[in-house]
Amino acid sequence: MSGPDFHREHVALPEGRLSVIVEGPEDAPPVLLLSGAGVDSATMSWRHLIPDLARDHRVIAPDWPKQGLSTPWNGFADHAALQRCVLATLDQYGVDRAAVVGMSQGGAMTLATAIDHPDRVERLVAIAPGGTLSFPPVYHQLLWLVSRSHLLNTSLPAMMVGNRKRTEAFVRTALFAGPAPDQDEVVDEVMAEMDAHGAGSSDWQNASIGPWRMNVDLRPRLGEIRCPALFVQGDKDMGVKPATTVAAAKAVPGARLELLAGQGHWVNRQSPHTVNRLVRDFLAEADT
């Protein structure tokens, strides 16, 4: 299917060009939207939120490296590289401070930016954020082996490419926990992204797990976040367990948590109207 006709620009970095959606009035409050890992993009995650926010916000939504239209990319897009992408995007548009909304991998980068660069984040929304996970021994080592294995990390997931039945099952079980208003379109978008870039996990995901512990673990520093924070989590999420996000929200001073019943990992696509309302209401607190 053809995506929304969002206006796109580019941010140049040494490794390549980030493709960035830019919508809304130039003098409106800025909002940075950060999508998830793997089979995702700015358009896929935020196709419903962008036009809603762009009515009265300056919306800036980059495709992560090697995702969407941010290709080709020469280099490894690990945590440090993605943080450079976030800062370069804010700098490109002259944004000193922005509200930042991120989901999954984007949620991890939202939290990390608020920790490492608190002067750049006015308020944040973390949707099923990564960077807060841990796994028991043995299972952790298995995940690390998967992250280092081309066969398990790329070749086996590639079996979904071009197969609608398998893709539908993936969307239904891994991303959602029930029907979405545009589920057929979601499957089309996932198939198109897999056809363009494969179905493997992202560099950030692979690099985030070490042989004995997580290389990216934001939990010890969550208490340093001082900006207003909202966490949004589906209670049926298979990728980021609800208890993980509940604990992360409790660790951030003054943070609020919205636990959405019957929702999976990709709540911004499974229930876009609910997520849009939560984000708009939260941002409106700053506007007033």
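Modeller: Before we start, a nonpolar core here is a set of buried Ala, Val, Leu, Ile, Met, Phe, Trp, Tyr and Cys residues joined through side-chain atoms within 4.5 Å. Buried means under 20% relative accessible area, exposed over 50%, and partly exposed in between (1.4 Å probe, protein chains only). This is a predicted model, where local features need pLDDT of at least 70 and side-chain atom pairs count only at pLDDT 80 or more, while totals for chains, interfaces and linings use all residues. Residues are numbered from 1 along each chain as its sequence is written, and side-chain values use heavy atoms, with hydrogens and water left out.

Colleague: Okay, which residues touch the most other members in the largest nonpolar core?

Modeller: That core holds 40 residues. Helix H4 (residues 105-116) gives the most to it, with 6 residues; helices (H or I, at least four residues) and strands (E, at least two) are DSSP runs, numbered from the N terminus. Another core, of 39 residues, lies apart from it, and Met44, Ala54, Val59 and Ile127 are among its members. Back in the largest core, the ones touching the most other members are Leu111, Leu124, Leu218, Leu222, Ile225 and Phe231.

Colleague: And what does Ile225 touch, not counting residues up to four places away in sequence?

Modeller: Contact means heavy atoms within 4.5 Å. Ile225 is one of the residues that touch the most other members of the largest core. Its partners are Leu111, Ala114, Ile115, Leu124, Val252 and Pro253.

Colleague: How many of the 12 residues of H4 are buried?

Modeller: The list of buried residues in H4 runs through Gln105, Gly106, Gly107, Ala108, Met109, Thr110, Leu111, Ala112, Thr113, Ala114 and Ile115. They pack against strand E3 (30-34), helix H3 (79-92), strand E5 (98-103), strand E6 (121-127), helix H9 (203-208) and strand E7 (229-234). H4 is mostly covered, then, and the count is 11 of 12.

Colleague: How far apart are the end C-alpha atoms of H4?

Modeller: The expected span of a helix is 1.5 Å times one less than its number of residues. For the 12 residues of H4 that should come to 16 Å, and the end C-alpha atoms agree with it, at 16 Å.

Colleague: Is Ser104 buried or exposed?

Modeller: Ser104 sits in the loop between E5 and H4, and its phi is positive, about 55 degrees, although it is not a glycine. Leaving aside neighbours within four places in sequence, it is in contact with Gly36, Ile127, Ala128, Pro129, Gly130 and His265. Its relative accessible area is 13%, so Ser104 counts as buried.

Colleague: What is the phi of Ala128?

Modeller: Ala128 lies in the loop between E6 and helix H5 (139-148). It is buried, because its relative accessible area is 1%. Its phi is positive in a residue other than glycine, near 40 degrees.

Colleague: How much space lies in the largest pocket?

Modeller: On a 1 Å grid over the protein atoms alone, a pocket is an open set of points where a 1.4 Å probe fits, with protein on both sides within 12 Å along at least five of seven lines; lining residues have an atom within 4 Å of a point. The lining has 41 residues, and Ser104, Leu133, Ser201, Gln205 and Gly239 lie nearest the centre. H5, helix H6 (150-155), helix H7 (164-175) and H9 each supply at least two lining residues. The space comes to about 1,300 Å³.

Colleague: Which buried residues does H8 have?

Modeller: Just after it, Gly198 takes a positive phi of about 85 degrees. What covers its buried residues includes helix H1 (42-46), H7 and helix H11 (267-270). Those buried residues are Val186, Val187, Glu189, Val190, Met191, Glu193 and Met194.

Colleague: Last stop, the loop between strand E4 (58-62) and H3. What is the relative accessible area of Ser70?

Modeller: Leaving aside neighbours within four places in sequence, Ser70 is in contact with Arg17, Leu18, Ser19, Asp63, Trp64 and Pro65. Ser70 and Val11 are 59 residues apart in sequence and 9.6 Å apart in space, C-alpha to C-alpha. Ser70 is buried, and its relative accessible area is 0%.

Conventions: Points joined across faces, edges and corners; volume = space filled by probe spheres on them.
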